[in-house]
Amino acid sequence: MEQLGKRSGPAARLDAILRHLNPRAAPALVSLMRRVGCWHCGVGAVCWLCGFTLDNNILTTEQRQFYEDNGYLLIRKLVSDEDIERFRKEFVRICKKEVRVPGAMIMKNEALRSQYGQTESVVNKVQDFQENEELFRYCTLPQILKYVECFTGPNIMAMHTMLINKLPDSDKQTFLHPMHQDLHYFPFRPADRIVCSWTAMQRADENNGCLVVLPGTHTLPLRPHGYPEWEGKTNKLFHGILDYNEKSPKVHLVMEKGDTVFFHPLLIHGSGINKTSGFRKSISCHFASSDGHYIDVKNTTQADLEKEVQEIAHKKYDMPDLDLKDVWTFRARVVQGERINL
């Protein structure tokens with residue numbers, strides 16, 4: 001049974017009663033209540049007491065309802081131009097190897113190195129920058145954390161960090177990230193106490209590969225993922241949903257510099273190719289409640305992912321015995337409250 005995090009009151013009591021009466025039926029009943037309403041909110045309303053947000057004085061009623069219904073929430077101009085410029089300058093320093101980030105994965109287009117050398121024209125992503133204090137400041141910004149707490153509760157861990165520099169793409173669509181659910185990568189739960197904060201460092205639209213989301217898919221279970229059958233090269237660990245329906249209704253999130261979207265780890269999303277001659281930068285962090293818990297992914301749809309991560313860890317760090325839990329325990333850093341389980 002997954003923990004309820006900081007959820008309390010009528011929702012927690014109802015969930016406990018349902019599980020006591022019929023443990024197998026409880027999740028389905030709660031899911032149904034999310035869709036058609038419940039005794040607390042009235043017919044046709046989504047009950048957030050048993051949903052995806054926590055009681056708070058930050059989100060408006062409309063914002064909270066939107067996240068409950070859609071699985072994401074866009075907040076305009078949340079991060080200042082000054083902060084974004086500092087993050088950009090640090091990224092450039094990392095590209096030039098003026099500063100090294102222990103444990104970070106620097107993803108590059110090696111085919112461009114001979115033409116551009118060691119510059120931002122080659123680096124597509126800096127992943128796991130938690131040991132770089134300048135970039136990690138993003139994860140501690142008060143204006144970010146006050147929203148994060150609405151989804152995770154007060155004890156907050158920064159679990160996964162990325163600065164993406166989406167390069168101009170070729171016809172092979174090298175930097176197209178297929179539609180996926182972020183929970184596929186995570187061996188920690190509960191999913192409802194995890195949220196991603198994703199900030200545009202410059203305008204993001206359909207031309208330069210903005211985020212694409214499928215509203216409402218955060219209510220679906222975790223789907224099997226793998227590498228898509230594309231002719232062009234697929235970046236390492238760019239997994240996608242194997243049975244994804246291309247006709248599914250999508251929303252392109254057009255964002256300006258400083259705009260920030262918060263979204264659920266089961267929300268199906270991805271990004272298109274960058275059809276411009278410039279870059280499309282963003283910075284993000286996945287946060288989770290520290291009183292969550294790790295799971296064993298063996299014999300689940302995440303088992304193949306664990307094997308791939310183990311191969312990378314063995315090759316890069318000569319550590320063959322790491323499991324997925326070990327990797328995430330190492331990455332995680334507390335940013336608010338206390339570290340409990342994660």
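A: The model is a predicted one. Glutamate 306 is found in helix 8, which spans residues 303-317. Because its relative accessibility is 6%, glutamate 306 counts as buried, the cut-off for that term being under 20%. When neighbours within four places in sequence are left aside, the residues in contact with glutamate 306 are Val297, Lys298, Asp323 and Leu324.

Helix 6 may be examined next. Helix 6 covers residues 133-140 and is mostly covered, with six of its eight residues buried. These buried residues are Glu134, Leu135, Phe136, Arg137, Tyr138 and Cys139. At the start of helix 6, asparagine 132 places a side-chain oxygen within 3.2 Å of the backbone nitrogen of glutamate 134.

The packing of helix 6 against another helix can also be described. In general, two packed helices are described by the angle between their axes and the distance between the axes. For helix 4 (residues 81-95) and helix 6, the axes come within 9 Å and cross at roughly 145°. This crossing of helix 4 and helix 6 is left-handed. Helix 4 contributes Asp83, Arg86, Phe87, Glu90 and Ile94 to the contact, while helix 6 contributes Glu134, Leu135, Arg137 and Tyr138. Sorted by class, the contact of helix 4 with helix 6 comprises four nonpolar residues, five charged residues and no polar ones.

The aromatic rings complete the account. Over the whole structure, a search finds nine aromatic pairs. One of them joins phenylalanine 186 and phenylalanine 188, whose rings are stacked, at 4.9 Å centre to centre and with 15° between the planes. Phenylalanine 186 and phenylalanine 188 are both buried. Phenylalanine 188 also pairs with tyrosine 294: the ring centres are 6.3 Å apart and the planes stand at 85°, so this pair is edge-to-face. The pair links distant parts of the chain, since phenylalanine 188 belongs to strand 8 (residues 188-189) and tyrosine 294 to strand 17 (residues 293-294), 106 residues apart. Tyrosine 294 is buried, as is phenylalanine 188. Elsewhere, ring pairs join Tyr67, Tyr147, Phe151 and Phe262 into a cluster.

Methods. Residues numbered from 1 in each chain as written. Predicted model: local features only at pLDDT ≥ 70, side-chain atom pairs only at ≥ 80, totals over all residues. Heavy atoms only, no water. Buried < 20%, exposed > 50% of the residue type's maximum accessible area, 1.4 Å probe, protein only. Helix = DSSP H or I, 4+ residues; strand = E, 2+ residues; numbered from the N terminus. Polar contact = N/O pair within 3.5 Å; in protein donor to acceptor, adjacent residues only side chain to side chain. Axes fitted to C-alpha atoms, helices over the stretch in contact; angles between N-to-C directions. Left-handed = near helix turned anticlockwise from the far one by under 90°. Contact = heavy atoms within 4.5 Å. Nonpolar A, V, L, I, M, F, W, Y, C, P; charged D, E, K, R; others polar. Phe/Tyr/Trp six-rings, centres within 6.5 Å; stacked < 30°, edge-to-face > 60°.
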